[in-house]
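Dear colleague,

My notes come after it.

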Amino acid sequence: MSSATLVARRVLAAAASHGAEEAGAKTWKILTFVLAFPGVGVCMANAYMKMQAHGDHQPEFLPYSHLRIRTKKFPWGDGNHSLFHNGHTNALPDGYESSEH
Amino acid sequence: MAHQAHAYHMVDPSPWPLTGAVAALLLTSGTAIWMHFNSMSLMSLGMILLLLTIYQWWRDIIREGTFQGHHTPPVQKGLRYGMILFITSEVFFFLGFFWAFYHSSLAPTPELGGCWPPTGITTLDPFEVPLLNTAVLLASGVTVTWAHHSIMEGQRKQAIQSLTLTILLGFYFTFLQGMEYYEAPFTIADGVYGSTFFVATGFHGLHVIIGSSFLAVCLLRQVQFHFTSKHHFGFEAAAWYWHFVDVVWLFLYISIYWWGS
């Protein structure tokens, strides 16, 4: 038998004996703390740094007719504010509510 | 005392299907009335009735299965089919919203500026919080799998820990998404971009909340010794549902957040 075949057989045998553990609770516990949580941590750090970088940016207000549709009043408050309205980043149809940021 | 000569579950008469149907009627008509006639009464009544139905119906199923032994293997097989069919129907539900998104975004009309995202829309950076949300849900998929194996191996404490972590990750996702909704420079009223974004992600968020609740009930049941290493279908159903929620998010992320930005 060629040396390549012998090497392949050895690798497969090693994989098979490791698979005897059948990916149990222990494996998924390890994956949780070695892969999943560090992945979340890296993304948390990344999001935080990116947020610090561009900070409080208020998009310029241009009175486009295809945005800020008010065909029907919202059924709450004065009917002119969306449910998650943010005075700093969401302009009303006439413009931002106040000039302060 | 009479005994059945088969392994199936002939369910006792129950009022909950009727109260559930009445709740659905009150909720739908109530929401319409709220939007047009400024009254929340019918909608609130429907919500209360829905919550009562949910609590009592599922409490009864737990009693029938865990305490009265009605969930034999063939019965459990039927429950599995049921959950798979339900999740399949939910897949089609979301397919509709993806259809709407692609319909509008692949051929943007002149009113939008003939482009996607439409003129004047500042999209969210897909590599900020949306990427974090992706990591959170993927991580919760790992922890829920850890929980499943723990239950199958009879590892009570690990099952409780991993299930708790899964639920916490679910809460974290909901919190992050709520924050994103508040900080977003566009609203649901911003044309078809706003509509497709908030309806698709909004229904997804609702499903995250439902999935987290389902998992929380499983946690309570695990603590109270309801599950055995061989019989824990309630948990399996919750885990399937949770994976479905995760997969829907992946499609949302790639379509709306990434391609659509």
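What follows is a short account of the aromatic pairs and the charged contacts.

Please keep in mind that this is a predicted model. A search of the whole structure finds 33 aromatic pairs over all chains. Phe33(A) counts as partly exposed because its relative accessibility is 44%, whereas Trp146(B), at 1%, counts as buried.

In chain B, the charged end of Arg156(B) sits over the ring of Phe225(B), 3.8 Å from its centre.

Side chains of opposite charge can pair when their charged atoms come close. The count comes to four salt bridges over all chains. Among them is the one between Arg80(B) and Glu236(B), whose closest N and O atoms are 3.0 Å apart. This pair links distant parts of the chain, since Arg80(B) lies in helix α3 (residues 73-106) and Glu236(B) in helix α7 (residues 233-259), 156 residues apart. Salt bridges that share partners also join Arg59(B), Asp60(B) and Arg63(B) into one network. Within it, Asp60(B) is bridged to Arg59(B) at 2.8 Å and to Arg63(B) at 3.7 Å, in each case between the closest N and O atoms. Asp60(B) is buried, because its relative accessible area is 17%, while Arg63(B), at 43%, counts as partly exposed.

Definitions and conventions: Residues are numbered from 1 along each chain as its sequence is written. Chains are lettered from A and ligands numbered from 1 in the order in which they are written. This is a predicted model: local features need pLDDT of at least 70, side-chain atom pairs count only at pLDDT 80 or more; totals for chains, interfaces and linings use all residues. Side-chain values use heavy atoms; hydrogens and water are left out. Rings of Phe, Tyr and Trp (its six-membered ring) pair if their centres lie within 6.5 Å; planes under 30 degrees apart count as stacked, over 60 as edge-to-face and the rest as tilted. Buried means under 20% relative accessible area, exposed over 50%, partly exposed in between (1.4 Å probe, protein chains only). A charge sits over a ring if NZ of Lys or CZ of Arg is within 6 Å of the ring centre and within 35 degrees of the ring normal. A salt bridge is a side-chain nitrogen of Lys or Arg within 4 Å of a carboxyl oxygen of Asp or Glu. Helices (H or I, at least four residues) and strands (E, at least two) are DSSP runs, numbered from the N terminus.
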